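I am opening my notebook on a new structure today. Let me write down what I look up, step by step.

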Amino acid sequence: MDKFERDLESLMDKLKPSLDELTLKRLIELKERLVKLHREQLVKINHSVMELLCAADLLAKGYSVTLEHPLDGSLTCDIYGYKGEGSFIIEIETGFVPPEHALDPLSYRKARIASKIVRYGNYATKFGLASPPYHIMQIPEVLVKPPKYRSETEVWEIKSLCDRYYRNPPVTIDEIMNTRLHVIYLVNVDEAQITEVDPVTYIERYLHVNL
């Protein structure tokens with residue numbers, strides 16, 4: 001057992017006391033999928049422990065859950081849950097900035113978050129972002145508004161921002177108009193705890209933006 005597997009096992013030990021037998025069985029299956037993907041060098045531990053914690057939360061709420069779920073073409077979401085006729089996608093954000101964006105980290109992070117919301121939010125009835133408490137996500141406030149309250153200027157600003165960093169393929173105006181961020185998960189890995197936060201509250205509290 002390598003360190004990746006040991007770390008996941010340690011996290012499972014923290015979660016087990018709070019899970020019923022069926023939820024635990026399903027979470028073990030998801031953990032084994034992450035181990036398999038790690039052996040193929042497709043996932044890393046910081047990202048995977050957050051995925052497993054979010055998956056445990058969704059399973060406990062009655063969702064069926066898959067990890068690293070294919071959506072369309074090469075697009076794969078981190079966590080895909082479904083319950084009844086509703087679907088829920090959660091994307092993990094650790095706050096990483098590549099070296100080539102050392103001089104524009106805030107713009108890069110804002111574009112990355114916007115692109116995630118726009119690209120993935122259209123594939124589910126509910127979309128969320130998950131992040132550790134020490135990382136403040138640069139969330140464009142327009143993307144937490146209901147679509148009918150977005151101005152044409154705001155939509156084109158998001159389009160321009162995303163196009164500066166992500167043009168393969170570029171996001172579309174329709175995608176921007178029809179997507180929305182519904183929820184934020186603050187993931188405390190140390191305590192194996194999830195805190196659910198409304199996006200408007202998150203922006204006002206952490207980004208000091210009044211919508």
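What volume does the second largest pocket have? I looked it up in this predicted model, and the answer is about 250 Å³. I then listed its lining and found 13 residues, with Ser 74, Leu 75, Arg 119, Asn 168 and Pro 169 lying nearest the centre. Sorting that lining gave me five nonpolar, four polar and four charged residues.

Next I turned to the largest pocket, which holds about 430 Å³ of space. I noted 18 lining residues, and the closest to the centre are Lys 44, His 47, Thr 94, Phe 96 and Arg 112. Helix H3 (45-60), E2, E3 and H4 each give two or more residues to this lining. H4 gives the most, with four residues.

Then I followed strand E3 (residues 86-92). Is this strand largely enclosed or open, I wondered? Six of its seven residues are buried, so the rest of the structure largely encloses E3.

Who are the neighbours of E3? On one side I found strand E2 (residues 75-83), antiparallel to E3 and joined to it by five bridges. Tyr 82 stands opposite Ser 87 in this pairing. The two strands form a hairpin with two residues between them, and Gly 84 in the turn has a positive phi of about 60°.

I also found strand E4 (residues 126-131), which runs parallel to E3 with five bridges between them. Here Ile 90 faces Gly 128. Tracing the chain from E3 to E4, I passed through helix H4 (residues 105-121), and this β-α-β crossover is right-handed.

Conventions: Residues numbered from 1 in each chain as written. Predicted model: local features only at pLDDT ≥ 70, side-chain atom pairs only at ≥ 80, totals over all residues. Heavy atoms only, no water. Buried < 20%, exposed > 50% of the residue type's maximum accessible area, 1.4 Å probe, protein only. Pairing = 2+ DSSP bridges. Right-handed = clockwise from strand over helix to strand, strands pointing away. 1 Å grid on protein atoms, 1.4 Å probe; cavity = no way out; pocket = protein on both sides within 12 Å on 5 of 7 lines; lining within 4 Å. Points joined across faces, edges and corners; volume = space filled by probe spheres on them. Nonpolar A, V, L, I, M, F, W, Y, C, P; charged D, E, K, R; others polar.
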